[in-house]
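Trainee: Could we go through this one together, starting with the charged pairs?

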Amino acid sequence: MINCMLSGVGGQGTVLASRLIAQAAMANGEMAMTAETIGMAQRGGCVVSHVRCGKEVASSLIPKGMADIIIGFEPNEAVRVLPYLKKGGTVITTKRSVEPVTGALTGKTYPGEVMIDYLKKTDARVIVVDADEICKAVGSFKVLNIILLGAAVKSGVLGISPEEMKETIKERVKPKFVDLNLKAFDLAYERV
């Protein structure tokens, strides 16, 4: 069974990314279950998605210490869900940090590099993606989720081939955005 946890901020496409992973796994003949905790997502709050795929899946929630991979849509969110990662698991995150609402209100900020350094001191395999560079190359900042999926597929942890994920993108993404998303996926897959 593959346990994948995605953690981000409302509006980053976390839920769509989790559904793409689940659908690609089901296309492979596996069972897949997902669960989301979206809380204050509409106000820039945390979004966490659990995705469990395999021959038998009994529950949609990943227990602490059991995630094979964490896809952090920003460094602080990756650190926040780190207790769910198994020893030696993989963390994929971006270089760019997203200012939490509380930080904006209080004037306190945090540099994403501090969180990335913290992640690198754990026993996790850490992959940091320069998503801003890829977003600029494709001409849109609305493809962060697809960029992170490209990195996750490239890591090999999900057990999904690039062709399988691209087929799933074609099926699930609105037709007018398919080419943009496929370009973002390919660039991420190439550069990670």
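Mentor: Glu 36 counts as partly exposed, at 29% relative accessibility (buried is under 20% relative accessible area, exposed over 50%, partly exposed in between, with a 1.4 Å probe and protein chains only). Keep in mind that this is a predicted model, where local features need pLDDT of at least 70, side-chain atom pairs count only at pLDDT 80 or more, and totals for chains, interfaces and linings use all residues. Residues are numbered from 1 along each chain as its sequence is written, and side-chain values use heavy atoms, leaving out hydrogens and water.

Trainee: Which side chain does Glu 36 meet in a salt bridge?

Mentor: A salt bridge here puts a side-chain nitrogen of Lys or Arg within 4 Å of a carboxyl oxygen of Asp or Glu. For Glu 36 the N to O distance is 3.8 Å, and the partner is Arg 19.

Trainee: How far apart in sequence are the parts that Glu 36 and Arg 19 tie together?

Mentor: Glu 36 sits in strand β2 (residues 31-37) and Arg 19 in helix α1 (residues 14-27); helices (H or I, at least four residues) and strands (E, at least two) are DSSP runs, numbered from the N terminus. So the pair ties together parts separated by 17 residues.

Trainee: Lys 86 and Asp 68 meet in a salt bridge too. Is Asp 68 buried or exposed?

Mentor: That contact is 2.7 Å, N to O. Lys 86 is partly exposed, at 34%. Asp 68 has a relative accessible area of 11%, so it's buried.

Trainee: How many salt bridges does the count come to?

Mentor: Asp 132 and Arg 96 make another, at 3.1 Å, N to O. By this rule the count is seven.
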